[in-house]
Every structure is written in structure tokens, then in C-alpha cells.
Amino acid sequence: MAVGAVWLLVRRSRGTVPLDADLVAVAPFDVPDPRLSLWREGLVDLLSRNLDGAGPLRSVPPTTVIRRWTGRADRLSASELGRRTGARLVVFGHLIGAGPDSVRLTATALDAQSERPLAELELREASDRMDRLADSLTVGLMRELGRSRRIEVFRTGSLGSTSLPALKAFLQGEQWFRRATWDSALASYEHAIALDATFPLALRRAGQVLGWQHSAFDSVSNALALRAGALNRGLAPRDSLLVTADSLFAALYSTIPVVDWPVLRRVHAVAQELTRRYPDDFESWFILGE
């Protein structure tokens, strides 16, 4: 068994993961303008969530993508990302300023196996409406990808907030979170919540960071997780499962030392579904381990 595990690790490290035709990785965009730097990873967060659960598609989690991304936004680097993550579909592109108050985005959806582009799009939008730009890009990608697979339903704006300032604060928090800079991440999430008190992903993350900084039994942490669970509507599948798991944990922690076995069985089922759908996602395995 140990030999098999070592073989699997070596196989993955050499980039020979079999490519899944319905798995999509959104690469960090090339963003030369420092005024737009938030969107290098921010577009990864937005598009990954918009594409996750669109028909048969599943998205590689943003953190996994960013940790395995090297190079620039081109076909060679995109193909390598596909091999490292097992995603046959890879989206990459460039975002540049186009005047004082607008931006231009070019994006390619690549078949990482054949290295053939499946879609090539160019969009313009006001620089203060990046949420609308991400939604337009999602619609364009789905239109093109729908030619080769059945995609009847997909969502845009699936982070659970319609406030662009709150969204930007959350995306900044995600970048701090990925770098384990907990105080800065928490400040960003709290700012997002102050701007939109019904933002489930910001509530979940704030509770998660507080729980790690204090304990699993922290009352504020658990209250935030339960609140996020109550607002769990319209999210991407992975986010919805993660929010559900954390809210169930919060319910369990509130009854300790008594164990609520039905809730425990439910959170275990959610964790198993997460690791089945997203087998390369550290957060899903962390929940199953818990």
C-alpha cells in the first residue's frame, strides 16, 4: 500500500495525471498594469466558480491552480498546467488597461491534450465593472464549450454577493488566505462582511480563520459558520459543499461533549462527496480528516 502511494505521488509530480475532459483549470491572467493586479488571481476565483457545475464541468480549485502555475499566459504554460492538474480544459488570458477607465481582456480555452484552442474571446468593459466582465467571459466560454458538451444550465456571479466593493475585499482576502497571512485575510473578510452582511463566502472564511486562530469551539467562529450555512443559496457546487460542511461542524461543536450522530454522519457524507468531486483539493481532504 505504501509503495502504491509513493508511486502515485511520483506519477503526479512528473505531470502524468490523466486528463479529465470535464475538468477545467483557470490559469492566473497576465496583468501588466499594477492598477489591475487584484485580478491576476481574482479572475481565477471568479471564473473557477462560474464554471464549476456548469453542465458536466468541474473546476480545479483556485489554490491548487495557483500553486501549480508557472510561466506566462500562453499555450505551452497552459498545457503544462493541464498536465499538472489533470484538467483537459485550461482557460488563460491577458488583461490590460484600454484608456483611463476601461480594460480589454483576451482569453483562450485550450484543449490541453491536443493543445488546440476551443475558444478565443476578446472583451472590453469599464474598469470598475470587472464583475460584469467576468460574467460576459463566462457566457462566451459556455457558448463555445457548449458546442462539444451538453451545458444547459450555468450561473454567473456565483460568489453570493452583488456588491462589487465587497467582492473585491473578499478576493483580496483570498489572496492573503492562500499565503497564510491570517490577520490580513481576516481584515479583508471582515471588510467584505461590513459591506455585505449576507455574503456567505466571506462569512465562512472569517469564521474559518478565527477558528484556526483561537479554537474550534470559538463562539464567534461558529456563529459565522452557521450564518453562512443559512445563506447557502446559488453558490458553485464546491463552495456550497464547503459552506455546508463548516456549518455542520459548527453545529457539532456547539453540542460537545454530547455527539449529535445524525449531524456527524451528514458532515461525513458531505466530506466524501467533496473528495469524490475534487480529489486534488486540500480543503476537501482537510474536512474529511476533521
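Colleague: In this predicted model, which residues is Ala119 in contact with, leaving aside its neighbours within four places in sequence?

Modeller: Ala119 is found in strand β5. Once neighbours within four places in sequence are left aside, the contacts of Ala119 are Ala107, Thr108, Ala109 and Glu144.

Colleague: Is Ala119 buried or exposed, and at what relative accessibility?

Modeller: The cut-off for a buried residue is under 20% relative accessible area. Ala119 falls under it and therefore counts as buried, its relative accessibility being 4%.

Colleague: What distance separates the C-alpha atoms of Ala119 and Arg143?

Modeller: Along the chain, Ala119 and Arg143 are 24 residues apart.

Colleague: Which residues have the most contacts inside the largest nonpolar core?

Modeller: The largest nonpolar core has 55 residues. Within this core, the residues with the most contacts are Phe29, Trp39, Leu95 and Phe170.

Colleague: Which residues does Phe170 touch, not counting residues up to four places away in sequence?

Modeller: Phe170 is one of the residues with the most contacts inside the largest nonpolar core. When residues up to four places away in sequence are not counted, Phe170 touches Arg49, Leu159, Tyr189, Ala192, Phe199, Leu201, Ala202 and Arg205.

Colleague: How many residues does the second, separate core have?

Modeller: Among the members of this second core are Trp69, Ala73, Ala78 and Ala87. The core is separate, and its residues number 14.

Colleague: What is the radius of gyration of the protein chain, and why does the chain count as being as compact as a globular protein of that length?

Modeller: The protein chain has 12 helices and five strands. For 290 residues the globule rule gives 19 Å, and the chain comes close to that value, so it is as compact as a globular protein of that length. The radius of gyration of the protein chain is 19 Å.

Colleague: What percentage of the residues of the protein chain count as buried?

Modeller: The protein chain exposes about 13,500 Å², of which carbon and sulfur atoms supply 55%. Of its 290 residues, the share that count as buried is 51%.

Colleague: How far apart are the mean positions of the positive and negative charges?

Modeller: The protein chain has 36 positive and 33 negative charges.

Colleague: Which residues does a cis peptide bond join?

Modeller: Pro257 is found in the loop between α10 (237-253) and α11 (261-277). The omega of the cis bond is about 15°. The residues joined by this bond are Ile256 and Pro257.

Colleague: Where is the place of Glu115, which has a positive phi although it is not a glycine?

Modeller: The phi of Glu115 is about 60°. Glu115 is partly exposed, with a relative accessible area of 37%. Its place is in the loop between β4 (102-111) and β5 (116-126).

Colleague: What is the relative accessibility of Ala180?

Modeller: Ala180 lies in the loop between α6 (164-178) and α7 (182-195). Although it is not a glycine, Ala180 has a positive phi of about 60°. Ala180 counts as partly exposed, with a relative accessibility of 42%.

Colleague: Which residues does Glu290 touch, not counting residues up to four places away in sequence?

Modeller: Glu290 belongs to the segment after α12 (282-289), and its relative accessible area of 52% makes it exposed. The C-alpha atoms of Glu290 and Val267 are separated by 9.9 Å. With residues up to four places away in sequence not counted, Glu290 touches Phe249 and Tyr253.

Definitions and conventions
Residues are numbered from 1 along each chain as its sequence is written. This is a predicted model: local features need pLDDT of at least 70, side-chain atom pairs count only at pLDDT 80 or more; totals for chains, interfaces and linings use all residues. Side-chain values use heavy atoms; hydrogens and water are left out. A nonpolar core is a set of buried Ala, Val, Leu, Ile, Met, Phe, Trp, Tyr and Cys residues joined through side-chain atoms within 4.5 Å. Buried means under 20% relative accessible area, exposed over 50%, partly exposed in between (1.4 Å probe, protein chains only). Contact means heavy atoms within 4.5 Å. Helices (H or I, at least four residues) and strands (E, at least two) are DSSP runs, numbered from the N terminus. The radius of gyration is taken over C-alpha atoms; the globule rule is 2.2 Å times the number of residues to the power 0.38. Accessible areas come from the Shrake-Rupley method with a 1.4 Å probe; for residues, only the protein chains shown count as cover. Lys and Arg count as positive and Asp and Glu as negative; His and the chain ends are not counted. The place of a charge is taken as NZ of Lys, CZ of Arg, CG of Asp or CD of Glu.
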